[in-house]
Amino acid sequence: MNEPRFDPERSAAIRTMLTQTVEAEPARARRVHFRITLAAVLAALGVTFGGTAVAVALSGGSLFTVGAPAPVTTSSSPAPSPSATEAATPAPTPTAPSHSLAITGDRIMPHDIVSAPGASPLWSIDLPALGGAPGCTYDTVIDVSDGYAVVQQSLIAASASPDHCDVSSNRLAVTLVDTAAGSIVWSRDWSWEPSDGDSTTARLLGTSGRVLIWDRMAGVGPAEVLELATGETLGPVTVPDGYSIRELNAVPGESGDVIYTAPRLDADGQPTTEWSVRRADPMSLGTPLWSHEITADQVLGYNPIGNSSSVLNVPYLRDGSGWADDVLDADTGAVMAAGVPERSYIYFDGFTLRETGFTPYGVPSAIAGIDDAGNEFWSRESESGIAIGRVDLPGQKPAAIALNDGSDLALFTAGNQLELIEGLTGQAKWTADATACDVDPASFDRSSAFFTLQPDGVLVDVYKRCAFDYATGDAVDVGARRDPGSLGSAVDYELSGGYGTGGQRVFDGVIPGSGTATAFDAVSGEELWTIPIASDERWESAGGYVVGFSDGRMFGIG
């Protein structure tokens, strides 16, 4: 059973408008990440370490119920000047931004460092020392916009924490950093009863300018919504009586809403087979905008919407009946299709890809392009499977979730064929012999990127086996090309002797200058420069800028 075809005239109008909009954009403005979601794989709970969530986003389940939370202590921290040694002092208000702070959904492009950085960092700030010393936290960077990033620090759980760390309570710090100027805009710190099962994290709520603090494992940590610009708490997030909630999936756009699935609880507080799928303001979860009821043993919510589409896929399992899906209108909650066989939706720029008929390896045998209303406007089928090679493009869209933000698809099909198609129309741009790529479409592993688009317009296999001209499909010699990863576009940075690259942890002693960081031209492979780094140093992209972390400090590389 397919989704109803609503209104053909409206569908055609939407498709024409989307095609014109994408074609009007500069080609470089569409180079972003393609993120591929496997539909046939049942997400499993991952290991969690203190406040760091290393867990697959599942909604609901029988292992977790919500009890009365333990007290959570919060504090507002200072906005220190960009200095490596200056102690932080309390500030009554956030630091005024040095440039515009706004989440528009626009791509954040890397600021490549072509020339060797100076001997000293451009700027340096001290991060909150949770646990009493550097090295006691897992640190995560969340890109906000060009020149802004949120740094999340989660205290390592007591069972895995270094001996010198104070783990008498769970701790979480969230800091908004101006990575262009090198200053802290605001910083927040929470503490609560220790638990090894905690997974409290911060995430952006679309482009609403809000931040959600939430434990997807239904723990007892902080649960609230912050204003991104100031760090101020706007309100608490409270689980409605009679329900258990784990994952809150942000709705793209400016609403700040979330969509969640929740089982009803019986009189003993145990989950039942009665589930509710809801869209709500996270500060008013008990008064949803809409709700959809399902009777099932398990309901998943691991395929959140990533574009302007209203198509929401809800997979569920009934004992003896296997997996099925209800497809809902995310705006109204209306049922677009009910009880359909297992399927998956991948969200691209301007259209959504529907996958069905999965092989034992999770590869679809049928795909279709659908518009925002769920109307199909092209389709492809292959009994042997159609493998969609993920294409890594420069830049990120921080507020978009599960968005493959581009309009092209790279398809591997039987006979060693690689086809690049325009997703808005289903028309092939080119077809090439992909024998050198060594891909079996029926058993293709889509867990990682397959292609990267380099600055000279060449698609390069990340395993360096094949390369193609992005415009024509002509085969290109891979040569000495390198994968710049998430840090750069035209420059690839390689660290040696730092954290995770052969160095040592901060609590084992920091040795300045014991490692090296080398930059290479991503196309030619030519070495551009080399500088020394500390033994615990690591680099990340933060708001498009390359930043370093070492001995409790965050600093600008170039």
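**Strands and cores in a predicted model**

Strand 16 and strand 17 run antiparallel and are joined by 8 bridges. This is a predicted model in which local features need pLDDT of at least 70 and side-chain atom pairs count only at pLDDT 80 or more, while totals for chains, interfaces and linings use all residues. Residues are numbered from 1 along each chain as its sequence is written, and side-chain values use heavy atoms, without hydrogens and water.

User: Why are strand 16 and strand 17 called paired?
Analyst: Two strands pair if DSSP finds at least two bridges between them. Strands 16 and 17 have 8 bridges, so they count as paired. Leucine 317 stands opposite tryptophan 323 in strand 17.

User: What makes strand 15 and strand 18 edge strands?
Analyst: The open sheet has the order 15-16-17-18, with antiparallel pairing. Strand 15 (298–299) and strand 18 each have a single partner strand, so one side of each lacks a neighbour in the sheet.

User: Which residues have the most contacts inside the largest nonpolar core?
Analyst: They are Ile259, Val277, Ile294, Val299, Leu312, Val314 and Val327, in a core of 24 residues. A nonpolar core is a set of buried Ala, Val, Leu, Ile, Met, Phe, Trp, Tyr and Cys residues joined through side-chain atoms within 4.5 Å; buried means under 20% relative accessible area (1.4 Å probe, protein chains only).

User: Which strand gives the most to this core?
Analyst: Strand 16 does, with 4 residues.

User: What does valine 277 touch?
Analyst: Beyond four places away in sequence, valine 277 has contacts (heavy atoms within 4.5 Å) with residues including Ile259, Trp290 and Val314.

Notes:
Buried means under 20% relative accessible area, exposed over 50%, partly exposed in between (1.4 Å probe, protein chains only). Helices (H or I, at least four residues) and strands (E, at least two) are DSSP runs, numbered from the N terminus.
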